[in-house]
Amino acid sequence: MNNQEKEFIEKFKTYLSVEKNFSDHTGTAYCSDIVAFMLWLEGSDCTKADFDKLREYLHFIQRFDYKKTTIARKIASIRTFYKFLFREKYIETNPAVSLSAPKRPKSLPKFLTPEEIEQILNNIKIDTPSGFRNRVIIELLWATGMRVSELSNLNFGDLNLEENEIRVFGKGAKERIVLISDRAKNYLIQYINTARKLIAPDYIKNEPDENSPLFINNTGFRLQNQTIRNAINDVVSKIELPKKVTPHVFRHSFATKLIENGADLRVVQELLGHAGISNTQIYTHVSMKHMQEVYDSAHPHS
């Protein structure tokens, strides 16, 4: 890559972070896609590429065994990159305007039944401070539908436990309020008053302020997403639950249960922090599937 291309990548990375509010993970993936595209150009100026050249590249990557979701992301990366170049006046016309992505296959989200979730919760060993913390984390994932990143980023200043509310910063730093059950709140209060102080006693000396992380590891730093995933994997493997369980499965389970119990779709959208209602509507399909299964098993003429 020449100096101009390197400069483009650096500025594009900043654009994704500052202007588009993309996460570090997504920004890195997009930049990696553009680097691969530039390498494919083999020295040709990316600002001179036309629509036919971009289509040629798409035909090239079709040779590889990429998932449709990966292909779609690579196309989105190129579209966003050329939109950036056009906006910054590096190009006079945008060759990627008409570039279309393949339709992503729709799959129903995996979810757990309330009985399966209780089985997981009841098999978490809470006789250690970190074990109790893990119980509280899963209680909150199930009670609120938060993303794991939203939960790990919680600070004390985000809590309004008197009103059973927690402030959450979702994708693009979009702020919303989620509600928690009395049971989850009571576990959280116990964690704050007892277990949290014992997780890292050699590192945590002062009382937390509003900017202190709610969930910490044994060195007093903010708990990372992977640690939460590992804790879930550990308990699920021990009880041999025949389902793959991730933090996001609790989010799906939360939304599915609300829909099954008659919650308004707009309310569920707000609680989940979905930008559009179409992202929430998939849970109505899950609910209909569940109703069909109940009907088939219970109706005498099914």
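**Entry 1: ground rules**

I take buried to mean under 20% relative accessible area, exposed to mean over 50%, and partly exposed to mean in between, with a 1.4 Å probe and protein chains only. The model is predicted, so I note that local features need pLDDT of at least 70, side-chain atom pairs count only at pLDDT 80 or more, and totals for chains, interfaces and linings use all residues. Residues are numbered from 1 along each chain as its sequence is written, and side-chain values use heavy atoms, with hydrogens and water left out.

**Entry 2: N164**

Is N164 buried or exposed? I find N164 buried, with a relative accessible area of 14%. N164 sits in the loop between β1 (159–160) and β2. Helices (H or I, at least four residues) and strands (E, at least two) are DSSP runs, numbered from the N terminus. I looked up the contacts of N164 next, a contact being heavy atoms within 4.5 Å. Not counting residues up to four places away in sequence, N164 touches V178, L179, I180, S181, D182 and K185. With K185 there is a side-chain to side-chain polar contact at 3.1 Å. A polar contact is a pair of N or O atoms within 3.5 Å; within protein, one must be able to donate a hydrogen and the other to accept it, and residues adjacent in sequence count only if both atoms are side-chain atoms.

**Entry 3: T144**

I moved to T144, in helix α6. T144 counts as buried at 1% relative accessibility. A polar atom of its side chain lies 2.6 Å from the backbone oxygen of L140. The backbone nitrogen of M146 lies 3.2 Å from a polar atom of the T144 side chain. Leaving out residues up to four places away in sequence, T144 touches V178, L179, I180, F254 and L271. I also checked L272: T144 and L272 are 128 residues apart in sequence, yet 8.2 Å apart in space, C-alpha to C-alpha.

**Entry 4: cores**

I count a nonpolar core as a set of buried Ala, Val, Leu, Ile, Met, Phe, Trp, Tyr and Cys residues joined through side-chain atoms within 4.5 Å. The largest has 45 residues, and those with the most contacts inside it are I120, L140, L188, Y191, F215 and F250. Which elements give two or more residues to this core? They are α5 (114–122), α6 (129–144), α7 (148–152), β2 (165–169), α8 (182–199), α9 (225–239) and α10 (247–260). The largest share, eight residues, comes from α6. Apart from this core lies another, of 28 residues, with L16, I61, Y82 and I91 among them.

I followed F215 by its contacts. Among the residues it touches are R133, L140, L188 and Y191, not counting residues up to four places away in sequence.

**Entry 5: rings**

I pair rings of Phe, Tyr and Trp (its six-membered ring) if their centres lie within 6.5 Å; planes under 30 degrees apart count as stacked, over 60 as edge-to-face and the rest as tilted. The count comes to 19 aromatic pairs. F8 and Y90 have ring centres 4.8 Å apart and planes at 65°, so this pair is edge-to-face. F8 lies in α1 (residues 3–19) and Y90 in the loop between α4 (68–87) and α5, so the pair ties together parts 82 residues apart in sequence. F8 is buried at 1%, whereas Y90 is partly exposed at 31%.

F37 and Y82 are edge-to-face too, because their centres lie 6.3 Å apart and their planes are at 75°. F37 is buried at 0% relative accessibility. Y82 is buried, also with 0%.
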